[in-house]
Amino acid sequence: MLFEDLIQEHYDSNEYPALAALAEEWEETRPFEGLKVLVATPIFRNSLVQYEALIAGGADLYAGRTVEGTVVPCDVEIVELLQESEIPVLSPEMVLDMEQEDDYFDLILDCAGQFSACHPRIGFVELTKTGVPYYEDVDFPVFIADSGIIKRIETSLGTGDGYFRGLEKAGYSNFEKKKFVVFGSGKVGCGIALQGLSRGAEVVTVTDTSRRNTSNDFILTLEANGIEVVDKNDSAKVSQRILEADFVVTATGMKDALASEALQSALANTKAVLANMGVEDEFSEDFPEERVLNKKLALNFSLEEPTHLKYIDASLALHAALGERLVLERDGVIDAEDENSKGLRNPPAEIEQKLLGITMQNGIIGAEIAEMMGFKET
């Protein structure tokens, strides 16, 4: 296959231990033999390692992307490489046209709900939390990879790193004592804030502080590290922080999160460098795209490798392994944890534990993961 040399040229095996382990296992077990599998992971160089594992498992592989490539950006050169390797690249519209001819995929490994209108024979695996709303009423089994522990490696460590690499590509390199305002305190927002702190920046996080003692333990992590947390509903304080900032970044995962009149006024008058790190346009449709780095697309997607493979390996492995789980359940090899297997489902703990163990033992980021999770590496 044409891209095997590219993988070996750019990556060491300890950068993708989880996918390498799956490829080795699946070469023997062939769980996807005879199955048509569509993978809508953003098409970049590091995506090739996930494709290689699935092909090792016998998958008849297709890649998915939106026609314009704007909802989930891609590397056009890698798209061309896939086509040269005789791996079709399809849009949602093309898949729906195939279904009209009674030609269905068995599995769809989706990202951001791009292919949620399709009808795979076995089910879906959704990579991101952004895609969840698209699947709430779908009458298929849908694993949500972002619901588990493993996705924290990518979003808390890798995405924060990608944001700062994106700033460096845009010409900004000195962050010592610079003022950052981060909108959002989830995995991505917390990762960005902590990355900024490690670079000597002064960081403020804007979020819903009513979640401090409920579902959002990240707020407690931010405060424990001395990061100021401002309630999103305190418009006066939030606006003031924007006007004082050197950098403002959105990571709420919500479309039009900064669309209020007060925030739009502050954004229009700030000298801060603006960036988005979510799939949606969080600045609002009316806010000029030229004011935001990378024209409002997630800043790390301006890079040749938006998230380093070492940080995304376990997420991509989980994405693929949950597809295998659906096949095993369909074939009766494993019983579904819930009698009603349709609808949104969390990753089984044993799959995450297996992949997490491989990543920490055989990868190069074991110490970073251990620190993130609050325990010492053994």
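**Ground rules.** I number residues from 1 along each chain as its sequence is written, and I use heavy atoms for side-chain values, leaving out hydrogens and water. Since this is a predicted model, local features need pLDDT of at least 70 and side-chain atom pairs count only at pLDDT 80 or more, while totals for chains, interfaces and linings use all residues.

**Helix 4.** I looked up helix 4, residues 76–84 (helices are DSSP runs of H or I, at least four residues, and strands are E runs of at least two, numbered from the N terminus). Its buried residues are I78, V79, L81 and L82 (buried is under 20% relative accessible area, exposed over 50%, partly exposed in between, with a 1.4 Å probe and protein chains only). They sit on the same side of helix 4 because they cover an arc of only 160 degrees around the axis, taken from the directions from the axis to the C-beta atoms. The face turned away from that buried side carries exposed E77 and E84.

What do the buried residues pack against? I found helix 1 (4–10), helix 3 (47–56), strand 2 (60–64) and strand 3 (89–90); contact means heavy atoms within 4.5 Å.

**Strand 4.** Next I checked strand 4, residues 107–110. L107 and L109 point one way, I108 and D110 the other, and all are buried. In a regular strand, side chains alternate between the two faces of the sheet.

Which strands pair with strand 4? Strand 1 (residues 36–39) does, parallel, over 3 bridges, and strand 5 (residues 123–126) runs parallel to strand 4 with 4 bridges; pairing takes at least two DSSP bridges. I noted V37 opposite L107 and E126 as the bridge partner of D110.
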